Structures are given as C-alpha cells and as structure tokens.
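Please keep the sequence and the model at hand while reading.

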Amino acid sequence: MGESMAPMIDRFGRHITYLRVSVTDRCDFRCVYCMAEDMIFLPRQSVLSLEELDRLGSAFVARGVRKLRLTGGEPLVRRNIMSLIGSLSRHLGKGLDELTLTTNGSQLARYADALTDCGVARINVSLDTLDPVKFRAITRFGDLAQVRRGIDAADRAGIKIKINTVALRDINEDEIADLIRWSHGRGFDLTLIETMPMGEIDADRTDQYLPLSLVRARLSQLFTLDETDYRTGGPARYAKVRETGGRLGFITPMTHNFCESCNRVRVTCTGTLYMCLGQEATADLRAPLRASASDDYLHAAIDEAIARKPKGHDFVIDRDEKPSVARFMSATGG
Ligand code: SAM
Ligand code: SF4
C-alpha cells in the first residue's frame with residue numbers, strides 16, 4: 001500500500017470517515033423544497049456508471065471511510081442499483097462499518113429484502129406528512145400509501161428505520177407532534193431538518209423556512225424533551241422524548257454550527273466531490289477515474305481535495321438573496 005492510502009485528515013485535523021454518494025440526480029418525486037417542477041436532469045454520459053461508482057466508493061473505503069451512504073435524487077430509482085449495493089457490501093466488516101441509504105421510500109417494498117441480504121441494517125426514510133393529500137402536494141408526484149408499504153416492508157425485513165422530516169412553515173408544522181408519536185410508536189427515531197437554501201426552486205424559501213428553535217419550544221409544551229449526548233457522528237443533536245421513549249433529532253444548519261466536528265464529504269453522481277455541503281469548494285473525480293484503470297490519479301485528486309476542505313458553511317435565507325448555494329440538494333443528496 002502506497003502513501004496515497006493514508007487516512008484522509010484535513011488541515012483542521014478532522015478525519016474524514018463518512019462518504020455520501022449521490023448515485024443519481026433523478027427522482028420519482030419533485031418535493032417543493034428540493035426541486036423545481038420542470039427539473040432538467042443530467043445527460044447519461046456525464047453520470048458515473050455503476051462500475052465507476054463502485055471504484056470510487058471502494059477507493060474511499062481504502063482511505064478510511066467507515067460509513068458509506070447512498071443518496072440522490074432517489075437512489076432506488078437508479079437502474080440496477082442493487083448490483084452496486086451488493087458489490088459495495090463486500091467491504092462490510094473489512095474497513096466499512098456501515099452501508100446505508102437515504103430514500104423517499106417509494107421503491108422500498110420492492111427492495112427491502114434485497115437490502116437486508118446486502119447487509120444494509122439501517123436506512124433513513126424521508127417523510128414530511130402522514131396526510132395523503134398533503135403528501136401529494138409536498139412531493140408533487142408521491143403516493144403516501146406506497147411509501148407506507150415500503151416502510152412496512154423494510155421494518156419487516158429487520159432494517160432499522162429513521163424518519164427524516166423537513167419542518168415546513170404552514171405545511172406540516174401542525175403535524176410534527178403526530179409524526180413524532182407515529183414514528184416513536186413504531187420504534188423509529190425521527191429527525192427534524194430545517195430547510196436549507198440550495199437551488200432555485202419555484203417557491204420562496206422564506207415562506208417555507210421554519211426555525212427548529214421555534215418547533216422545539218412548541219414541542220416542549222407537549223412533551224418532555226430530555227437532552228442526550230447520543231450522536232451518530234452527524235450534525236443532529238438528539239433529545240429523548242420522555243412520553244414516547246423515542247429519540248428526536250434536530251438538524252439546524254441555519255441556527256446552529258456543527259462544522260467543527262464534520263467528518264464527511266459528498267460526491268455527486270457525476271463524480272464531483274463536495275468538501276462541504278454549504279460551500280462551493282469542489283474537486284472533479286470523474287476525470288481521474290476515467291483517465292486510467294488504475295486508481296493512482298483518483299487518490300492524488302482525493303488528497304488534493306481534502307487539503308482544501310473548508311472550515312465551515314455560511315447559509316443565509318433572505319428574501320432578496322439568491323440561494324446561498326446554487327446547486328440543488330438533489331445533486332449532493334443532503
Ligand atoms: N430522495 C431521497 C430522500 O428524499 O430521502 C434522498 C435524497 S434527498 C435530497 C435527502 C434529504 O434531503 C431528504 O430528507 C430531503 O427531505 C432533504 N432535503 C432536500 N432538499 C432540502 C432542502 N432544501 N433543505 C433541507 N433538506 C432538504
Ligand atoms: Fe426526490 Fe428526495 Fe428531493 Fe424529494 S427530497 S425531490 S424525494 S430527491
């Protein structure tokens with residue numbers, strides 16, 4: 001093993017052990033906070049093949065990544081996605097501790113058993129409402145019953161589920177307590193997420209933005225939230241809800257800074273490495289991947305990129321401002 005197999009440590013001493021890979025920019029939904037209705041998707045030749053994604057993921061595992069999350073777009077709409085998941089699963093127990101995904105749940109009924117067979121033990125499912133009409137309005141195309149069948153299938157298959165809910169002003173703010181009761185009643189943790197200003201969507205983000213500090217204050221009237229020091233290595237802070245016994249996470253990029261403990265980088269489906277969710281700093285990994293069958297160029301590009309990982313992000317939601325980050329969340333997958 002050469003020098004390039006050294007672990008990835010940035011100039012602030014942060015060890016990079018978590019990689020999120022967006023395997024497609026496509027999605028069967030068009031959530032109002034995530035995408036414009038008439039999204040134009042990438043031409044196929046610019047998207048990494050499944051073999052290239054496997055090389056890329058494997059190279060990062062060789063460099064010390066212990067947790068690999070597939071996301072998108074919707075990862076489970078990528079054709080033959082299970083062949084990639086199956087192939088990446090060979091690293092489990094051999095450097096890789098966890099292979100997981102973030103999904104909208106629409107295809108879970110189909111894939112739940114296959115995911116278990118590949119050693120996927122936990123997944124995040126995004127769900128912003130339990131009302132089918134509202135669900136359709138938020139996702140523009142989604143069918144809540146199908147997602148619920150998917151969640152049931154994953155649960156039956158023994159996959160641990162965490163629900164992610166984006167808190168949206170006037171849209172689901174009255175439902176958050178019910179979502180907590182429902183999730184915890186089924187044994188799922190729930191994490192609330194603030195909207196982040198990424199990509200030009202059709203709506204005005206200031207209309208959607210609901211600060212979690214406010215949500216938390218309201219929830220405190222209904223539940224007893226006990227602080228915990230439970231961490232999953234990510235930005236969420238967790239409280240234990242005494243009445244339900246479940247865990248409630250808060251991801252507050254707008255009101256709380258979590259950059260100092262950041263252990264992650266993201267790659268888009270075109271092989272662009274983003275060193276920070278809230279910054280434009282990138283590195284192209286597709287060219288080195290395609291330049292040679294050997295991974296030498298790739299590792300050199302990774303080294304160069306990690307050395308440039310920014311200290312932190314700088315999100316602003318302002319009515320007169322362009323989004324802080326021009327790309328859509330569906331490019332990097334959250
Ligand atoms: N399609 C999958 C899903 O919905 O779970 C994976 C990709 S999606 C981009 C990942 C997560 O990002 C979802 O939980 C979604 O709700 C969240 N998300 C999308 N756009 C967002 C935004 N502008 N601000 C905050 N969260 C966002
Ligand atoms: Fe698709 Fe996920 Fe974005 Fe919704 S949040 S449009 S499901 S990628």
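How many bridges join β7 to strand β8, and do the two strands run parallel or antiparallel? Three bridges join β7 to β8 (residues 237-241), and the two strands run antiparallel. The model is predicted: local features need pLDDT of at least 70 and side-chain atom pairs count only at pLDDT 80 or more, while totals for chains, interfaces and linings use all residues. Residues are numbered from 1 along each chain as its sequence is written, chains are lettered from A and ligands numbered from 1 in the order in which they are written, and side-chain values use heavy atoms, leaving out hydrogens and water.

**Sheet**

- An open sheet of mixed pairing is formed by 12 strands, in the order β7-β8-β9-β6-β5-β4-β3-β2-β1-β10-β11-β12.
- Strands (E, at least two residues) and helices (H or I, at least four) are DSSP runs numbered from the N terminus, and two strands pair if DSSP finds at least two bridges between them.
- β7 (225-227) and β12 (282-284) are the edge strands, each pairing on one side only.
- From one strand to the next, the twist averages 25°.

**Helix pairs**

- The axes of α3 (residues 108-117) and α5 come within 8 Å and cross at roughly 15°.
- α3 is therefore roughly parallel to α5, a term for angles under 35 degrees.
- Leu108, Ala109 and Ala112 of α3 meet Arg149, Gly150, Ile151, Ala153 and Ala154 of α5.
- The axes of α1 (residues 50-62) and α10 (residues 296-306) come within 11 Å and cross at roughly 60°.
- In α1, Arg55, Leu56, Ala59 and Phe60 meet Leu298, His299 and Ile302 of α10.

**Ligand site**

- Ligand 2 is surrounded by Cys27, Phe29, Arg30, Cys31, Cys34, Met35, Gly73 and Asn104, each with a heavy atom within 4 Å of the ligand.

Technical notes
Axes fitted to C-alpha atoms, helices over the stretch in contact; angles between N-to-C directions. Contact = heavy atoms within 4.5 Å. Parallel < 35°, antiparallel > 145°, perpendicular 65-115°, else oblique.
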